[in-house]
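Q: I would like to learn how to read side-chain features in a model. Please take me through them step by step.

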Amino acid sequence: MLSSIRRLSISSVTKLHYSSFQSPNSLHKLLIMDSSSSSSSSKSSQRLYCLAQQLRLYKPSPPPPFLDDDTDFEEQKLEESAGKVVSQLGFQESVTPVGKEVERFKPKRAAVLICLFEGDNDGELRVILTKRSSKLSTHSGEVALPGGKAEEGDTSDADTATREAKEEIGLDPSLVNVVTCLEPFLSKHLLRVIPVIGILSNKKEFNPTPNVSEVEAVFDVPLEMFLKDENKRSEEREWMGEKYLIHLFDYEMDNKKYLIWGLTAGILIRAASVVYQRPPAFLEQNPKFKLPKVVDKDTTMS
């Protein structure tokens with residue numbers, strides 16, 4: 001599956017820049033991973049080892065140029081969504097026009113964890129997801145990545161994502177090797193979401209213990225499914241005169257059906273594109289959101 005990944009020597013690894021890692025603990029764990037042999041006794045398989053090297057070389061797209069102050073903006077007020085990082089809409093900051101103004105309105109920061117591991121049978125890459133509790137007042141029963149808003153004690157996006165994963169599903173941060181961060185995504189509620197990719201070398205060491213007040217179920221799906229047309233449907237929507245597509249992925253596991261869409265689907269499409277180094281087999285179309293002149297806690301993109 002990952003035979004196309006370029007294998008780097010251990011000596012070349014020492015020359016890599018580690019600027020994409022924001023957590024010293026993650027750096028330490030990756031250095032240990034690099035020094036491991038490729039024998040079968042190593043906890044990390046050779047494919048995961050090569051994947052970690054590939055992803056550490058990834059450089060997110062630069063932010064778009066800043067717009068002039070006289071840019072024409074429109075105002076649109078919608079109800080603000082509370083809770084975790086779940087949104088019906090969410091797009092890469094670098095391809096969304098409002099991203100050009102992101103430094104002006106300084107959105108709240110959040111992070112989600114894209115935790116990858118190898119499946120037991122065929123070794124395919126899989127990603128851990130959650131289903132939000134049906135008792136929650138907002139986005140109840142929807143599928144999400146573990147994650148949430150940054151807190152004062154967090155020293156990095158990796159810290160935010162792994163802390164939230166521990167709180168939500170009991171995933172010990174020491175089991176996860178954080179390898180890179182993707183481009184920021186903007187939710188329609190002006191939340192800047194940083195996808196953090198981590199590798200779980202030994203899935204058997206993780207025993208999910210969901211926080212029942214927030215999480216109803218913990219499950220996993222093949223990452224590659226977010227590049228395929230299978231089990232996917234698209235719907236065209238219109239917002240402020242601009243048309244765009246949303247993609248919805250259906251997945252069934254242990255006789256339970258899950259629908260993955262919105263911000264979560266958008267982030268996973270991007271993550272799969274980076275990991276497998278190819279674009280999705282379907283068209284992506286983003287709305288041309290605009291930022292209002294006055295930004296407060298009730299503001300959304302229009």
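A: Start with a definition: a salt bridge is a side-chain nitrogen of Lys or Arg within 4 Å of a carboxyl oxygen of Asp or Glu. Here, Glu224 and Arg278 meet in a salt bridge, at 2.7 Å from N to O. The pair links distant parts of the chain, 54 residues apart. Glu224 is in the loop between strand 9 and strand 10 (232-239), and Arg278 is in the segment after helix 6 (262-276). Helices (H or I, at least four residues) and strands (E, at least two) are DSSP runs, numbered from the N terminus.

Q: What kind of model is this, and how are residues numbered?
A: The model is predicted: local features need pLDDT of at least 70, side-chain atom pairs count only at pLDDT 80 or more, and totals for chains, interfaces and linings use all residues. Residues are numbered from 1 along each chain as its sequence is written, and side-chain values use heavy atoms, with hydrogens and water left out.

Q: How many helices and strands are in the chain?
A: The chain has 6 helices and 12 strands.

Q: What share of the residues is buried?
A: Buried means under 20% relative accessible area, exposed means over 50%, and partly exposed lies in between (1.4 Å probe, protein chains only). Of the 302 residues in the chain, 52% are buried. The accessible surface of the chain comes to about 14,700 Å². Carbon and sulfur atoms hold 48% of that surface. These areas come from the Shrake-Rupley method with a 1.4 Å probe; for residues, only the protein chains shown count as cover.

Q: How many salt bridges does a search of the whole structure find?
A: Side chains of opposite charge can pair when their charged atoms come close. The search finds 14 salt bridges. One of them joins Arg47 and Glu118, with the closest N and O atoms 3.1 Å apart. Arg47 lies in helix 3 (residues 46-56) and Glu118 in strand 2 (residues 108-118), so the pair ties together parts that are 71 residues apart in sequence.

Q: Are Arg47 and Glu118 buried, or partly exposed?
A: Arg47 is partly exposed, at 29% relative accessibility. Glu118 is buried, at 18%.

Q: Which side chain does Glu216 meet in a salt bridge?
A: Glu216 meets Lys131, at 3.6 Å from N to O. Glu216 lies in strand 9 and Lys131 in strand 3 (residues 125-132), so this pair ties together parts that are 85 residues apart in sequence. Glu216 is partly exposed at 40% relative accessibility. Lys131 is partly exposed at 21%.

Q: Which residues are linked in a network of salt bridges?
A: The network links Glu151, Asp154, Arg163, Glu164 and Glu167.

Q: How do I read aromatic pairs, and how many does the structure hold?
A: A pair of aromatic rings is described by the distance of the centres and the angle of the planes. Rings of Phe, Tyr and Trp (its six-membered ring) pair if their centres lie within 6.5 Å; planes under 30 degrees apart count as stacked, over 60 as edge-to-face and the rest as tilted. The structure holds 3 aromatic pairs. The rings of Phe219 and Tyr258 have centres 3.7 Å apart and planes at 10 degrees, so this pair is stacked. Phe219 lies in strand 9 (residues 215-222) and Tyr258 in strand 12 (residues 256-260), so the pair ties together parts that are 39 residues apart in sequence. Both Phe219 and Tyr258 are buried. Phe226, Phe249 and Phe282 form one aromatic cluster.

Q: Which charged ends sit over rings?
A: The test is NZ of Lys or CZ of Arg within 6 Å of the ring centre and within 35 degrees of the ring normal. The charged end of Lys232 sits over the ring of Phe282, 4.7 Å from its centre. The charged end of Lys203 sits over Phe117, 5.1 Å from the ring centre.

Q: In which sense do strand 6 and strand 8 pair?
A: Two strands pair if DSSP finds at least two bridges between them. Strand 6 and strand 8 (residues 191-200) pair in the antiparallel sense, over 5 bridges. The bridge partner of Cys181 in strand 8 is Val196. In strand 6 (residues 176-181), 6 of the 6 residues are buried, so this strand is largely enclosed by the rest of the structure.
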